[in-house]
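Let's walk through this model together, from the overall fold down to one pair of packed elements.

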Amino acid sequence: MNDISKSHQESLSHISETVPKTLLQRLRGGFFLVIGYLLSPLCWWNDLVFNLPIAYFFGYICSLFAPKLLMPGVIIGYWLSNVIGILLMQAGTIDVLQKQTQERNVRKEILTGLVSSTAYTFLIMILIHFKVLDTPSFFAGS
């Protein structure tokens, strides 16, 4: 009887490894994918609608502590919104496209998101520095 229950448990664990994702997990993944896309640098119009307002709000909160922290806070807020967008896209894509549950390497996913978002933010900062992109007048110093 003990061998039967052991064999039964092994077959159940094998079935649970091959069961496809549930509908709820796929919907959650789709939601994360859409929100992540809207926050990520892959969406060409998102900066004006999502990222810059989020970044400006973050900079405003930072400037409450010291007025000189507005621009650094905006840059950090912009970077964070891009990082969060890429990480949400990665999580959503895995939930939507992966057929079966597998162990995820969260550390690698976070590192990939940080590196790609940091590179994109540095690119934008370089374009602003060389006056390829203009900053809005409310960022100009008094």
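Helices (H or I, at least four residues) and strands (E, at least two) are DSSP runs, numbered from the N terminus. With that in hand, the protein chain reads α-α-α-α-α along its sequence, with 5 helices and 0 strands. This is a predicted model, in which local features need pLDDT of at least 70, side-chain atom pairs count only at pLDDT 80 or more, and totals for chains, interfaces and linings use all residues. Residues are numbered from 1 along each chain as its sequence is written, and side-chain values use heavy atoms, leaving out hydrogens and water.

Of the 142 residues in the protein chain, 27% are buried (under 20% relative accessible area, 1.4 Å probe, protein chains only). The protein chain exposes about 10300 Å², and carbon and sulfur atoms supply 71% of that area (Shrake-Rupley method, 1.4 Å probe). Among contacts (heavy atoms within 4.5 Å) with a separation of 6 or more, 64% join residues 24 or more positions apart.

| Helix | Residues | Contact residues include |
|---|---|---|
| α4 | 70-97 | I75, Y78, W79 |
| α5 | 106-129 | E109, I110, T112 |

Helices α4 and α5 pack at an angle of about 140°, with their axes 9 Å apart (axes are lines fitted to C-alpha atoms over the stretch in contact, and angles run from 0 to 180 degrees between N-to-C directions). The residues of the α4 contact with α5 divide into 12 nonpolar, 8 polar and 1 charged.

Methods
Buried means under 20% relative accessible area, exposed over 50%, partly exposed in between (1.4 Å probe, protein chains only). Ala, Val, Leu, Ile, Met, Phe, Trp, Tyr, Cys and Pro count as nonpolar, Asp, Glu, Lys and Arg as charged, and the others, Gly among them, as polar.
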